[in-house]
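This report looks at selected local features of one model. Please have the sequence and the coordinates at hand.

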Amino acid sequence: MKNEDKFFNNSIYDEQAAAFSEKQLTDLMQYQEGMEIIDSDIFDKVQTARAAYDYNKYTEADVRAALAHSERTPEDFAALLSPAALPLLEEIAHAAQVERQRYFGNNVTFFTPLYIANYCENYCIYCGFNSHNKIQRACLSSEQIAAEMQAIAATGQQEILILTGESRKMSDVHYIGEACKQARQYFKVVDVEIYPLNSDEYAYLHECGVDYVTVFQETYNKDKYAQLHLAGHKRVFPYRFYAQERALRGKMRGVGFAALLGLDDFRRDALATGLHAYLLQKKYPHAEIAFSCPRLRPIINNDKIKPMDVHERQLLQVVCAYRLFMPFASITVSSRECARVRDNLMLIAANKISAGVNTGIGAHSKKQELGDEQFEIDDSRSLQEIYDALLKIGLQPVMSEYIYV
């Protein structure tokens, strides 16, 4: 595997993962009991396009043609992600900034993630929550969740993203739903980033107050996905892929997409992410679309993890390509990035930022975490610090974009 894969990331693998991967693993294309199967052809279209993407064929002329278009096609998007686009990055960034201003003005929307549990049944070898990683686990009670939400709301936040580890046993759908009901008492917008659900379960969470669902596919390379996700429900590749479509069928207002940059060939994964969102939006025109652009970060018990060849220029290229391809989509830049990178990306192409972040369990209301974090963050600024920093560079922080009546 290592010799054949030029995108093999040695910082992820350890002896335990290597030994486990030699076992008889389940078929990642085989749905498990209770998983909903929907009638859709988007998976095949995205997989075919990703496999056929030869980014080295694009030229400077192709990139300039993409920049000249008022609306970018999937072929333009492919050109903007190619190596030929890097020498034109300044022009691409300027074009992305024009689109950002057209659709979002100088607004930047704030939110805070709240991790309510970190138990996980998956073995994803790059993630701090994975079931084989020896960390402190916790699952917040209703009272503890309320304390966390009160502490976050006191900072001025009006949008919250609720997250859990991927364990139906320790944080089932009803538990998540009750947390979401609590959240609507404190926040105007409630989003979730949890394990994939069936359509009826998403409908239940929608009734509990959720209207936005984000799911990271991590990598769209089926073979690499099998190497990185060794056990658990997350190993089922197509079930995860169709999570956003099931969420829309469950009446969610919007859905978010992301590849975890650094797991595989970032250009092909970014292309697949964009096409996944593009095709779903064409099928469900009412859906709001969002992108996240996370890069790999160190975790507890592996501080060597790095995103390989995805440097700051490549990250900027991906963010700008998303903006030019789907200019109306929301783009979030994670606290995985440092303050300088996040602020600059907000100026150029992104429009949503997390603030006052902690990826551990119970850390907002307590001085000490009850459960360990999922990954290391790089931007630990408070909401007020980020608010003031964005004002200084001419951007307008916004606490909520929605009013519910």
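Is glutamate 166 buried or exposed? At 13% relative accessibility, glutamate 166 counts as buried. Buried means under 20% relative accessible area, exposed means over 50%, and partly exposed lies in between (1.4 Å probe, protein chains only).

The model is predicted: local features need pLDDT of at least 70, side-chain atom pairs count only at pLDDT 80 or more, and totals for chains, interfaces and linings use all residues. Residues are numbered from 1 along each chain as its sequence is written, and side-chain values use heavy atoms, with hydrogens and water left out.

**Glutamate 166 and helix H7**

Glutamate 166 sits in the loop between S2 and H7. Helices (H or I, at least four residues) and strands (E, at least two) are DSSP runs, numbered from the N terminus. The side chain of glutamate 166 makes a polar contact of 3.0 Å with that of arginine 240. A polar contact is a pair of N or O atoms within 3.5 Å; within protein, one must be able to donate a hydrogen and the other to accept it, and residues adjacent in sequence count only if both atoms are side-chain atoms. Leaving out residues up to four places away in sequence, glutamate 166 touches Tyr119, Cys120, Glu121, Asn122, Ile194, Tyr195, Pro196, Lys234 and Arg240. Contact means heavy atoms within 4.5 Å.

Helix H7 covers residues 173-183. Eight of its eleven residues are buried, so H7 is largely enclosed by the rest of the structure. Those buried residues are Val173, Tyr175, Ile176, Gly177, Ala179, Cys180, Gln182 and Ala183. Their cover includes helix H6 (142-153), strand S2 (159-163), strand S3 (189-193) and helix H8 (199-207). Aspartate 172 caps the N-terminal end of H7. One of its side-chain oxygens lies 3.3 Å from the backbone nitrogen of histidine 174.

**Two helix pairs**

Two packed helices are described by the angle between their axes and the distance between the axes. Axes are lines fitted to C-alpha atoms, for helices over the stretch in contact, and angles run from 0 to 180 degrees between N-to-C directions.

| Helix pair | Axes come within | Crossing angle |
|---|---|---|
| H3 (residues 60-68) and H5 (residues 89-104) | 11 Å | roughly 15 degrees |
| H12 (residues 266-283) and H13 (residues 312-325) | 11 Å | roughly 20 degrees |

H3 is roughly parallel to H5. H12 and H13 are also roughly parallel to each other. Angles under 35 degrees count as roughly parallel, over 145 as roughly antiparallel, 65 to 115 as roughly perpendicular and the rest as oblique.

In the H3 and H5 pair, Val63, Arg64 and Leu67 meet Glu91, Ile92 and Ala95. Alanine 68 also belongs to H3. Alanine 68 is exposed, at 65% relative accessible area. Its C-alpha atom is 9.4 Å from that of alanine 95, 27 residues apart along the chain.

In the other pair, Phe266, Arg267, Ala270, Thr273, Gly274, Leu275 and Tyr278 of H12 meet Gln314, Gln317, Val318, Tyr322 and Phe325 of H13.

**Positive phi**

Most residues other than glycine have a negative phi, and most peptide bonds are trans. Glutamate 218, not a glycine, has a positive phi of about 75 degrees. Glutamate 218 lies in strand S4 (residues 212-218). Glutamate 218 is buried, with a relative accessible area of 6%. Methionine 308 has a positive phi near 55 degrees. Methionine 308 is in the loop between strand S6 (288-292) and H13. At 23% relative accessibility, methionine 308 is partly exposed.
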